[in-house]
Amino acid sequence: MTRFVSIVTLVVFASFFASSSSALAAGAVMEFGYINLDGSFNSVSGLFSASDDNNAIGTASRLVPVVGDAFFQGTAMGAGFPGLAAFDLQLNMSNLTTVSATSTGQITLTDVDGDKFVGDLTGSWNNVSNGLAAVFAGTLNNFVPIDVSGDNTFDGNSGAGFSTIFTETLPFSGATVTLEFGNWFTDGNGLPVSFSNATTQANGVVVPEPATLALLGLGGLALITRRRRNKQ
């Protein structure tokens with residue numbers, strides 16, 4: 001059975017009361033969102049992955065001057081094909097129980113020229129409503145652009161793209177990534193259970209430094225989410 005996976009990115013829960021305007025003033029520099037990704041979990045290796053296929057659609061946006069968007073769709077994605085854009089999330093699962101787990105790993109965004117944004121993820125999982133959802137609350141660190149093509153831009157198969165040269169100090173960090181899906185990594189006895197071909201979507205917000213995170217707040221994510229909807 002194909003399972004549905006939803007990845008949503010939130011900022012720290014301690015900042016519920018931050019306003020939307022404060023969030024952007026705090027310095028969110030970038031957002032990204034991908035849908036129709038494939039999610040899988042290997043119970044032997046303990047690896048959870050979410051990557052693109054030829055049905056994937058993605059957007060990466062720079063939120064600081066000069067702002068810009070890169071859009072990816074359909075066969076412009078295609079993991080494993082050189083020169084085509086890709087999304088890849090790899091998390092090593094550990095401390096699996098029937099209600100919780102921990103993870104460390106890496107996220108990679110790749111544009112049509114092979115340029116990348118990469119970052120490290122670490123966090124914990126909680127089993128919600130007896131397997132109806134699995135929620136990963138983690139921190140994004142060491143998020144940096146890698147200029148493979150030499151053009152210093154992040155380009156989609158449509159949209160103007162944007163410069164990967166930032167005045168803000170690198171590396172970026174401080175975003176929290178949350179994954180939800182209608183299943184859990186173990187059975188009722190705590191034994192790992194594999195799954196594959198889980199329809200997945202991923203959204204993220206990037207900030208320049210950990211201190212900024214306290215101001216970003218859930219209101220900032222809501223504002224940025226509305227911004228994306230208005231562009232669709």
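Colour by secondary structure to begin: the protein has 2 helices and 13 strands. Both kinds of element are DSSP runs numbered from the N terminus, helices being H or I with at least four residues and strands E with at least two. This is a predicted model, in which local features need pLDDT of at least 70 and side-chain atom pairs count only at pLDDT 80 or more, while totals for chains, interfaces and linings use all residues. Residues are numbered from 1 along each chain as its sequence is written, and side-chain values use heavy atoms, with hydrogens and water left out.

Of the 232 residues, 47% are buried, meaning under 20% relative accessible area with a 1.4 Å probe, protein chains only.

Next, select the aromatic residues. How many aromatic pairs does the structure hold? There are 17 aromatic pairs; rings of Phe, Tyr and Trp (its six-membered ring) pair if their centres lie within 6.5 Å, and planes under 30 degrees apart count as stacked, over 60 as edge-to-face and the rest as tilted. Zoom in on F41 and F185, an edge-to-face pair at 4.9 Å centre to centre with 75° between the planes. These partners are 144 residues apart in the chain: F41 belongs to strand β2 (residues 30–42), and F185 to the loop between β12 (175–181) and β13 (195–206). F41 is buried at a relative accessible area of 2%, and F185 is buried at 0%.

Move on to F166 and F172. Their ring centres are 5.1 Å apart and their planes are at 90°, so this pair is edge-to-face. Both residues are buried.

Finish with strand β6 (residues 86–94), which pairs antiparallel with β3 (residues 47–51) over 5 bridges; pairing requires at least two DSSP bridges between strands. Here L47 stands opposite N92. Strand β7 (residues 100–110) also runs antiparallel to β6, joined by 9 bridges, and S94 stands opposite T102. In the hairpin of β6 and β7, 5 residues lie between the strands, and N95 takes a positive phi near 55°.

Methods: Buried < 20%, exposed > 50% of the residue type's maximum accessible area, 1.4 Å probe, protein only.
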